[in-house]
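Open the model in your viewer and keep the selection tool ready. We will go stop by stop.

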Amino acid sequence: MSEERPKNESDEFDEIVGAETDRDPDLAVIEAGSRTLRAQSGPPQGDGIPTRPADPEVDRALREVEGELAKRWPETKLEPSLVRIESLMDILGSPQRAYPSIHITGTNGKTSAARMIESLLGAFELRTGRYTSPHVQSITERISLDGAPISPERFIETYQDIRPYIEMVDAQQEHRLSFFEVLTGMAYAAFADAPVDIAVVEVGMGGSWDATNVIDAGVAVIMPISLDHTDRLGTTPEQIATEKAGIVKQDATVVLAQQPVEAASVVLKRAVEVDATVAREGMEFGVLSREVAVGGQLLTLRGLGGEYPDVFLPLHGAHQAHNAAMALAAVEAFFGVGSQHARTLDIDTVRSAFASVTSPGRMEVVRRSPTVVLDAAHNPAGARAAAEAVTESFDFSRLVGVVGTSDDKDVRGLLEAFEPIFAEVVVTRNSSHRSMDPDELAAIAVEVFGADRVQVEPRLDDALEEAITLAEEEGEYAGAGVLVTGSVVTVGEARLLLGKG
């Protein structure tokens, strides 16, 4: 009888990979020709959501800028071209070239990963700039320096500084710069002016022709890809991945989340074309273990340089653990771990950085008795992740949903993901012109939930009050809760109504 072989770190990681059932860990059949990255043997504070300026004059000036931006093409109106943003960058002296960058795309998890990357870099004493979208409550959230949104004064000043150049580009082009293009130009200019040591940039939509894609990021992060914005990006994971792979630049490092095989194939082919190095979740790095903890979860992460045990992440859900693994690998890749040296990053610094991470509007508790949770899930994949997270992290005896969605989303798919966990759902709308009409939303909800489980409240404040009342019907100690979801705008407005910000 042979003696049992002792289990080593590699065996444990293989077991974790083998245990993944809803992701595809083995991309060997489609990685031929690509290089894979293998190690050779002050964090931000607060939730980062600003309130309106206290100074009436500053508030007035900020509203004027917001008003001018609102007159431009909205983020939902796109022309797939980099011509306008490239013209603006040229006339500004290419501020986006003044610092290295990490570029993030994917369908879900981009903002949370960006905030984790920012926290890690800040903990290693680098001055960071972060550009994310959309915002939860204030437009100034989109541009952050050192882990905090830029001040309203600086936001206004940045806009005024580049406004003459914006107008010059507007005059030269067939279409004026869009809302998102102007904000992108502002972010890149603000980062150069700061100056930052590194920029963490989230793609707005897609990748190839997204306005952010005028940077040459040394690290490209591709979060999980699923169907969203199908009218603009394509109707299959392969088509969507083709757009998103456009952020992968010559000789870059690609940090790749586990993907549908057809999506991963596209990214890996792109990596071969530009001689990029690939680090794959579930192969070169990943989540070794996770357990639910008070206020979040305790993780052991496998990085490019080795193992990082006992990492507390104050966010809920398996998806956030995977986001953390992606963020860690991205920062390791930026520091050269796996290509230039094999050592891990300082474990105490990594632990401190993750412990300080916040992600407003993502499984965020904003009230107790009854517990009210906000989550900005707006597509079926995000809704499934949210449903799993709330089931795992909260022992609700009864959960009431408040749902307000945009009219261009897969609303039925989103509602079907939440149907098993919602005892009742209150459908509503937010203030955006894109918000789905509550009666139309209710008609779909009735087909999914049945008429007796659906209520309609056209006003969000009334919907919140009704949901809280329904939850309270079980009594103060019965353990009922409310989940507000469906849109970043819905969550942001609910956050304000519930006294956050």
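pLDDT is the predictor's confidence in each residue, on a scale from 0 to 100. Contact means heavy atoms within 4.5 Å.

Before you select anything, note the ground rules. This is a predicted model, where local features need pLDDT of at least 70, side-chain atom pairs count only at pLDDT 80 or more, and totals for chains, interfaces and linings use all residues. Residues are numbered from 1 along each chain as its sequence is written, and side-chain values use heavy atoms, leaving out hydrogens and water.

**Stop 1: colour by confidence**

The protein chain has an average pLDDT of 88. Of its residues, 87% score at least 70.

Select residues 1-7. Here pLDDT stays under 50, and the model has 4 contacts beyond four places in sequence. Now select residues 38-45. pLDDT stays under 50 here too, and this stretch has 21 contacts beyond four places in sequence.

**Stop 2**

Some terms first. Helices (H or I, at least four residues) and strands (E, at least two) are DSSP runs, numbered from the N terminus. Two strands pair if DSSP finds at least two bridges between them. Strands of a sheet pair through backbone hydrogen bonds, either parallel or antiparallel.

Select residues 286-293, 296-302 and 307-313. They form an open sheet in the order E10-E11-E12, with antiparallel pairing. Strands E10 and E12 are the edges, each pairing on one side only. The twist averages 15 degrees from one strand to the next. (Axes are lines fitted to C-alpha atoms, for helices over the stretch in contact; angles run from 0 to 180 degrees between N-to-C directions.)

Zoom in on E11 and E12. 5 bridges join them. Gln297 has Leu313 in E12 as its bridge partner.

**Stop 3**

Which order do the strands take in the open sheet of 6? The order is E13-E14-E18-E15-E16-E17, with mixed pairing. E13 (364-367) and E17 (454-456) each have a single partner strand, so one side of each is left without a neighbour in the sheet. Neighbouring strands are turned by 25 degrees against each other on average, direction ignored.

Select E15 (398-403) and E16 (424-427). They pair in the parallel sense over 4 bridges. Val402 has Val426 in E16 as its bridge partner.

**Stop 4: two helices across that sheet**

Select H15, residues 460-472. H15 lies across E13, E14, E15, E16, E17 and E18, at about 175 degrees to E15. Finish with H16, residues 488-497. H16 lies across E13, E14 and E18, at about 125 degrees to E18.
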